[in-house]
Amino acid sequence: MDDAALGHAVRLIRTASFAAPIRDDDPLPPEDRPTTVALDDLYRAQASRLHRFFARRSDSQDANDLVQESFARLAKADLMSSKPIEQPEAYLNQIAANLLRNRAKSALQRSLARQVPIDDVPLAGSDTVAALEARDTLNRLQQALMRLSPKTREIFLAHRVDGLSYKEIANRTGLRLKSVEWHMSKAIAFLDRALRTR
């Protein structure tokens with residue numbers, strides 16, 4: 001809210017008045033009850049509740065602006081009306097809900113405006129060189145795996161493919177943990193050498 005709008009809102013708050021709500025426990029007879037309540041009294045009574053309402057449903061940094069905007073709209077509605085607003089708290093609640101709804105609609109419109117249809121997105125074609133290199137690497141890896149001893153290959157595949165821990169492999173094969181680690185080291189070193197040479 002800019003300074004001019006804020007100044008206008010403050011002037012509206014000082015001059016607006018609303019029909020005073022009548023409480024059930026009000027001891028005054030109807031003719032002695034106040035007929036209007038000033039907007040600044042309403043602000044003092046409702047601003048913190050309204051701030052919590054906005055803070056829970058939007059960015060907390062926007063909550064103050066939304067509270068001010070709600071009261072400014074309430075004051076403007078009161079000036080435009082020929083008679084005082086009967087239930088200003090309920091009217092204020094509706095203004096607050098409408099503000100949030102309008103913000104959500106605006107955010108959706110901005111989001112939709114930024115989207116690009118899938119037909120407009122250029123798709124990357126398949127890279128035949130990369131596909132050939134990947135196939136070559138897989139073939140060399142498979143050949144190297146076949147040159148490992150059966151026990152070393154079994155331990156390597158159990159860890160890398162099946163996701164078993166060294167301890168689980170040791171329990172399954174009946175080997176000591178150090179033996180499983182030795183087989184894994186041997187397999188990794190052998191496969192690394194095989195993949196580096198062409």
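Buried here means under 20% relative accessible area, exposed means over 50%, and partly exposed lies in between (1.4 Å probe, protein chains only). The model is predicted, so local features need pLDDT of at least 70 and side-chain atom pairs count only at pLDDT 80 or more, while totals for chains, interfaces and linings use all residues. Residues are numbered from 1 along each chain as its sequence is written, and side-chain values use heavy atoms, with hydrogens and water left out.

Let's start with the overall layout. The protein has eight helices and two strands, where helices (H or I, at least four residues) and strands (E, at least two) are DSSP runs numbered from the N terminus. Along the sequence they follow the pattern α-β-β-α-α-α-α-α-α-α. Of the 198 residues, 27% are buried. Taking contact as heavy atoms within 4.5 Å, 57% of the contacts between residues at least 6 apart in sequence join residues at least 24 apart.

Now for the interior. A nonpolar core is a set of buried Ala, Val, Leu, Ile, Met, Phe, Trp, Tyr and Cys residues joined through side-chain atoms within 4.5 Å. The largest one has 19 residues, and Leu39, Leu50, Phe53, Phe54, Val67, Phe71 and Leu74 have the most contacts inside it. Helices α2 (39–57), α3 (63–80) and α4 (88–114) each supply at least two residues of this core, and α3 gives the most, with seven residues. Leaving aside residues up to four places away in sequence, Val67 touches Tyr43, Ala47, Leu50, His51 and Phe54. A second, separate core of 14 residues includes Leu164, Val180, Met184 and Ala194.

Next come the aromatic rings. Rings of Phe, Tyr and Trp (its six-membered ring) pair if their centres lie within 6.5 Å; planes under 30 degrees apart count as stacked, over 60 as edge-to-face and the rest as tilted. The whole structure holds two such pairs.

| Pair | Centre to centre | Angle between planes | Type |
|---|---|---|---|
| Tyr43 and Phe71 | 4.8 Å | 65 degrees | edge-to-face |
| Phe53 and Phe54 | 5.4 Å | 65 degrees | edge-to-face |

Tyr43 lies in helix α2 and Phe71 in helix α3, so their pair ties together parts that are 28 residues apart in sequence. Tyr43 counts as partly exposed because its relative accessibility is 27%, whereas Phe71, at 0%, counts as buried. In the other pair, Phe53 counts as buried at 19% relative accessibility, and Phe54 is buried at 0%.

Finally, a look at helix α6 (residues 150–160). Its buried residues are Thr152, Arg153, Ile155, Phe156 and Ala158, and they pack against α5 (128–147), α7 (166–173) and α8 (177–196).
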